[in-house]
Amino acid sequence: MPSEIDDLDIKATKVDAAFTPVQDQDLDQYGEALAQYTIVDTDVHVDDTLMRMVDYMEGHYQKRLQAALQADFRGEPGNSLRNMIAHVNWLGSSYDKPPRAKLATKTELLERMQLGIINYSILFPSELLPIAYLPDPKWAAALATAYNAFMVDEYGNLPGVKIALVVSPNLPDHAVEQIAKYGNHKDVVAVCVPDVGVNPPIGDRKYWPIFEAADHYHLPIALHGIEALVHDNYPLRVSHFPTLMQVHSMGFPFTGMLQVMSVVCEGVPVRFPKLKFCVVEAGLTWIPFIMYRLDTAYRQYRTELPALEQKPSDYIREWYWGTHELEALPKRGDLRKLIELYQGEDTTMWASDWPHLERDLIAGFMRYDMSEAMRRKILGENAVRFFNLEQRK
Amino acid sequence: MTDQPLADQATGRKLVIAAAADLPPGTRMEVRVGNNLIAVFNIAGTYYAIYGRCPHQFAPLSRGRLQGTVICNAQTNWETEWAHEGEVLVCPGHAMEFLVKTGQAIGYNLKLRTYPVYEEDGQVVLIA
């Protein structure tokens, strides 16, 4: 490219507007800087729309889903008002601005892995996340059955690709069956409990068979939220929110706080001391709030929680946390300070939420200042330990 | 996102980035000057150049769509109206919006650097 000066590296390139979100172009910016780390992306999503599920559904559920998919929407969001009914209150918000979110295909996932920068991707459900509040838990269980079979079939035995099973909490016996079926699979590394709308909250004894089964197979429990679908359960009565921004901002962290509080206050960590928990896709800033708020109340109300042997924050400190969606902290040192506040250097795990619209580019994490040791732990070492990735290579 | 240096490597030198014929109305270029990135647009025959990375997570703004957006202020009598058609650069990362002519981030107290860019002797010249 012509230039009037010689001592400056100048390159002008014609480009086009992106109609889908830019994804990992930033990964290669860091070159050598990232090459030295083991990187685990703790929250990755592939296409699990209902069209992908239908071949793996069983019995009458398959027949009924086939019939449903013959309707006009064909599993593609956006071309049917009925299919968008859950979003209709919020059509005017994020849905009018490009770029739109996409679900990744298997090819796209493998291309991303082949960049050689990310060592492990942990796959979580996307479309299946509302199953915890489907009115009929048997439908939820049928979808979870299909999802797990599909994922193990399509995404098992791929280098660096690991799977979180999904279970429907409202049918614990079925969840236990699913964990037993896949618990020894080398690529299954966690049990994902979709946590939004779970009623009663997830610490309730009703769900303990799920925890017992996960504990038996040395699988950690991962709680994953979802932003916006219609239900009326605490803490996210979405009918109260006129905009998707409000649902999104409150939904993930308040659900996270509710479920962490429930698990701890019901004594789950005492009953299952080796069972590991994490929360993904809820950000981080609320963690110190719930830890120390509970500690304060514990002094006064301890007799309501006679099973606890330590104060609440001592249990919560053992939880793991996915970084996504990184809050927009103003200063470069703020993330380190936040993590110090909840004592999470050994429990915070980098997560992108790729390829969803709100995914974090790795630059969003790398911009924060922290020690080399802390960065190394968060980018990979903590997740390797949480998901037992060395044992399940 | 307040402590990010936005364009600290600009040199103020005169750079020929393309033949004018290669940057017709409706097209754009990404210009890398050293480690600095600049997005250059030809909108209806007028050139605009803006700092090329979003301050949020550094996505390349040269790939952003140009469209309008909604505004609501005293001038609109606090009614929501569509405005700035074709002049709102939407970040291809997470959809943060910037007025391409001024660099102003919409809804933020933040302004990206803009650069002089013009046609001279059939060439597109960028001062950066």
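Student: In which sense do β6(A) and strand β7 (residues 277-280) of chain A pair?

Tutor: This is a predicted model, in which local features need pLDDT of at least 70 and side-chain atom pairs count only at pLDDT 80 or more, while totals for chains, interfaces and linings use all residues. Residues are numbered from 1 along each chain as its sequence is written, and chains are lettered from A and ligands numbered from 1 in the order in which they are written. Strands are DSSP runs of E with at least two residues, helices are runs of H or I with at least four, both numbered from the N terminus, and two strands pair if DSSP finds at least two bridges between them. Ala222(A) stands opposite Cys278(A) in β7(A), and the four bridges between β6(A) and β7(A) are in the parallel sense.

Student: Which handedness does the β-α-β crossover from β5(A) to β6(A) have?

Tutor: Strand β5 (residues 188-194) of chain A runs parallel to β6(A), joined by four bridges, with Ile221(A) as the bridge partner of Val191(A). The chain passes through helix α7 (residues 208-216) of chain A on its way from β5(A) to β6(A). A crossover counts as right-handed if, with the strands pointing away from the viewer, the path from the first strand over the helix to the second runs clockwise, and this one is right-handed.

Student: Are the residues of strand β6 (residues 221-224) of chain A buried or exposed?

Tutor: Ile221(A) and Leu223(A) point one way from the strand, and Ala222(A) and His224(A) the other way. A residue is buried if 20 or more other C-beta atoms, placed from the backbone, lie within 10 Å of its own, exposed if 12 or fewer, and partly exposed in between. By that criterion all of these residues in β6(A) are buried.

Student: Why does Ala95(B) count as buried, and how many other C-beta atoms lie within 10 Å?

Tutor: Ala95(B) sits in the loop between β6 and β7 (97-99) of chain B, and its phi is near 70 degrees, a positive value in a residue other than glycine. Ala95(B) is buried because the number of other C-beta atoms within 10 Å is 21.

Student: Over which residues of chain B is the pLDDT below 50?

Tutor: The predictor's confidence in each residue, pLDDT, goes from 0 to 100, and chain B averages 90, with 91% of the residues at a score of at least 70. Where pLDDT is low, the predicted coordinates should not be read in detail. This caution concerns a stretch that has 18 contacts (C-beta atoms, placed from the backbone, within 7 Å) beyond near neighbours in sequence, and the stretch with pLDDT below 50 is residues 1-9.

Note on methods:
Two residues are in contact if their C-beta atoms, placed from the backbone, lie within 7 Å.
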